[in-house]
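Please keep the sequence and the model in view while reading.

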Amino acid sequence: MQAVGFNRPLPISSPESLVDVNLPAPVYGEHDLLVAVRAIAVNPADTKVRASARPAPGDWRILGWDAVGIVQAVGSRVSGFLPGDRVFYAGAINRPGAYAELQAVDARIAAHAPATLDDAAAAALPLTALTAWETLFDRLQVEQPVAGAANAILIIGGAGGVGSMTIQLARAMTGLNVIATASRPASIDWVRKMGAHYVLDHREPLAPQVAALGLGAPAFVLSTTNSAAYLADIEALIAAQGRIVLIDDPDVLDIVPLKRKSLSVHWEFMFTRSLLGTADLARQQDILRAVAALADQGKIASTRTESLGSINAANLRLAHARLEDGHTVGKITLQGFAR
């Protein structure tokens, strides 16, 4: 089968950082679906793994954690899926990814794709939707109010994939006032399109901007990037006993100053359930089913903003370069393997 992989970490400017390869078809297990991949989306996780992982000598690492495809075969313990079904999923970070014509994925973390979205639009949803859903309902537990706090969430980095989807889910499923940050005209317009009630400039101190809204101190904060740099501002602006979620990887994070307000800090890592085989692994299938229903009802939209053509090494190197540049809005997708 055709695939795109790497065998050592290299800067994306190198032609060998991602290369076209031919590999055997994957072997699927009893809980797996064997899927013919039709479209993928590219995420920051792809670039981080490519830049740091070292496959075993002679091995190729296949990235890709957002896909739509057609089921070719099902494992002996799979229920609810048949060959020919169109599915979407984010997959597992410790298994070969979706930069390949065929992929084996655990059926418990997959769901039938939204019927109203084309392949590329649907492929932009799974990873960010799972991250956003788990952030809102599993980590922040936004359905449990914080006493005395404004029923509001601040999303730092609202124009990225996770920020975009968190805005939409918060608007579609909660009564939260949604405050998002952005800095460029294009990203400001985007977060407003996603549904943010208020847009702040994250190049300026955030606490005074939040105070100026007159809403009161927000109960919840999601920080998607540069969390260590924003932490003092977050502590200043959030309500006492508020809840904070981070999704980035700061080298050091001193949370001692958060003690005064009894703030809780959570990490959201969408791959935890699949990586560790948690007892609630199948919750991700339930989430994806709900996301597909919301999309088909028109309550959330795909965050795809750019398609770069077919799935090959050259186009994927371009996509990785765009993400590493740090100015993308929404999601980049690719579709189909050219013959």
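The centres of domain 1 and domain 2, taken over C-alpha atoms, are separated by 28 Å. Domain 1 comprises 2-126 + 278-335, and domain 2 comprises 145-268; such bounds come from an automatic or database domain assignment. This is a predicted model, in which local features need pLDDT of at least 70 and side-chain atom pairs count only at pLDDT 80 or more, whereas totals for chains, interfaces and linings use all residues. Residues are numbered from 1 along each chain as its sequence is written, and side-chain values use heavy atoms, with hydrogens and water left out.

Where the domains meet, 13 residues from domain 1 and 13 residues from domain 2 take part in the contact, defined as heavy atoms within 4.5 Å. Together the two domains bury about 1000 Å², of which 70% lies on carbon and sulfur atoms. Buried area here is the accessible area (1.4 Å probe) that two parts lose on being put together, summed over both. On the side of domain 1, I300, T303 and V329 contribute 40% of the area buried against domain 2, more than any other three residues.

One salt bridge is counted between domain 1 and domain 2, the term denoting a side-chain nitrogen of Lys or Arg within 4 Å of a carboxyl oxygen of Asp or Glu. K48 and D249 form a salt bridge in which the closest N and O atoms are 3.3 Å apart.

The aromatic residues form a further topic. The whole structure contains three aromatic pairs, that is, rings of Phe, Tyr and Trp (its six-membered ring) whose centres lie within 6.5 Å, with planes under 30 degrees apart counted as stacked, over 60 as edge-to-face and the rest as tilted. The pair of F269 and F271 is edge-to-face, at 5.6 Å centre to centre and with 70 degrees between the planes. Ring pairs join W65, F269 and F271 into a cluster. With a relative accessible area of 38%, F269 is partly exposed, whereas F271, at 3%, is buried; buried means under 20% relative accessible area, exposed over 50%, and partly exposed in between (1.4 Å probe, protein chains only).
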